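Dear colleague,

Please find below the structure that I promised to pass on to you. I would be grateful if you kept it open while reading the notes that follow it.

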Amino acid sequence: MLQPGGPDARAIAMIWNVMAWGSALILIGMLALGAAACRRTPRPGERSRAGVFLLGGGLAFPGVVLLALLIYGLRTGDARIAFPDEQGAWRVDVHARQWQWEVRYPDAPHPGWTTQNEIIAPAGRPLHISVTSHDVIHSLWIPQLGGKIDAIPGRINVIRLMADEPGRYRGVCAEFCGVGHSRMPILLHAHDPATFAKLTQEVGHE
Ligand SMILES: [Cu+2]
């Protein structure tokens, strides 16, 4: 998750970084204020500034921070929505069942091409992944490439992912789906354009 390999995962990692480091800064500030308050001895007749701290620190500051985070989070979430008609996307149909993943490729020259527990993909091209299930609810999660998407019987959920570089990206089923749940890994194998073209052609001639 924290070593993103594509745009979707980068957006998620960025949110994580902003929230983790931002809250760390706020925590340090609060601890410093608390320490200063403990060490300080009020002078006789000094006016209390509790109102400033209550209104400023208790309402205005968290209000501004939470609103900014909300807007930032919503904008990033919108950017992650998939667009099915986008040109150049490689379509992948993922069928989950207890306890394996079956992957089909509607854009492949040979439409019957299927792989088990492995997604063959081109690197640097958007992947339009449609996910469904044939029994219980599963969830497809390839942490280095993006967020999770549920595989629900009778429904098709879509996620748009992309691997920037060729490589092997490990994924799991992220929704408890029975006794075989922990043995339900999936691998996304991203190939450079030349290897990918060769691979899909070879499959087409089988
Ligand atoms: Cu599962």
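This is a predicted model: local features need pLDDT of at least 70, side-chain atom pairs count only at pLDDT 80 or more; totals for chains, interfaces and linings use all residues.

As a reminder, strands of a sheet pair through backbone hydrogen bonds, and they may do so in a parallel or an antiparallel way.

Strand β9 (residues 167–173) and strand β10 (residues 186–191) run antiparallel and are joined by five bridges. In this pair, tyrosine 169 has leucine 188 of β10 opposite it.

There is also an open sheet of five strands in the order β3-β2-β1-β5-β8, again with mixed pairing. Here the edge strands, which pair on one side only, are β3 (114–116) and β8 (157–161). The twist of this sheet averages 25° from one strand to the next.

Within it, β1 and β2 make a hairpin, with two residues between the strands. They run antiparallel and are connected by five bridges; valine 94 lies opposite valine 103 in β2. Strand β2 (residues 100–104) also pairs with β3, in the antiparallel sense and over three bridges. In that pairing, valine 103 stands opposite threonine 115 of β3.

Which residues of β2 belong to its covered face, and which to its uncovered one? Trp101 and Val103 make up the covered face, whereas Gln100, Glu102 and Arg104 make up the uncovered face.

In soluble globular proteins, nonpolar side chains tend to be buried together.

Why does histidine 95 count as partly exposed? The reason is that 17 other C-beta atoms lie within 10 Å, while a residue is called buried at 20 or more and exposed at 12 or fewer. If neighbours within four places in sequence are set aside, histidine 95 is in contact with Glu102, Thr132 and His134. Histidine 95 and isoleucine 156 are 61 residues apart in sequence, and their C-alpha atoms are 9.6 Å apart in space.

Finally, there is the division into domains. The domain assignment of the protein gives domain 1 (7–40 + 49–79) and domain 2 (90–204). Between the C-alpha centres of domain 1 and domain 2 the distance is 37 Å. Four residues from domain 1 and seven residues from domain 2 take part in the contact. On the side of domain 1 that touches domain 2, three residues are nonpolar, none is polar and one is charged.

Yours sincerely,
A colleague

Notes
Residues are numbered from 1 along each chain as its sequence is written. Two strands pair if DSSP finds at least two bridges between them. Helices (H or I, at least four residues) and strands (E, at least two) are DSSP runs, numbered from the N terminus. Axes are lines fitted to C-alpha atoms, for helices over the stretch in contact, and angles run from 0 to 180 degrees between N-to-C directions. Domain bounds come from an automatic or database domain assignment. Two residues are in contact if their C-beta atoms, placed from the backbone, lie within 7 Å. Ala, Val, Leu, Ile, Met, Phe, Trp, Tyr, Cys and Pro count as nonpolar, Asp, Glu, Lys and Arg as charged, and the others, Gly among them, as polar.
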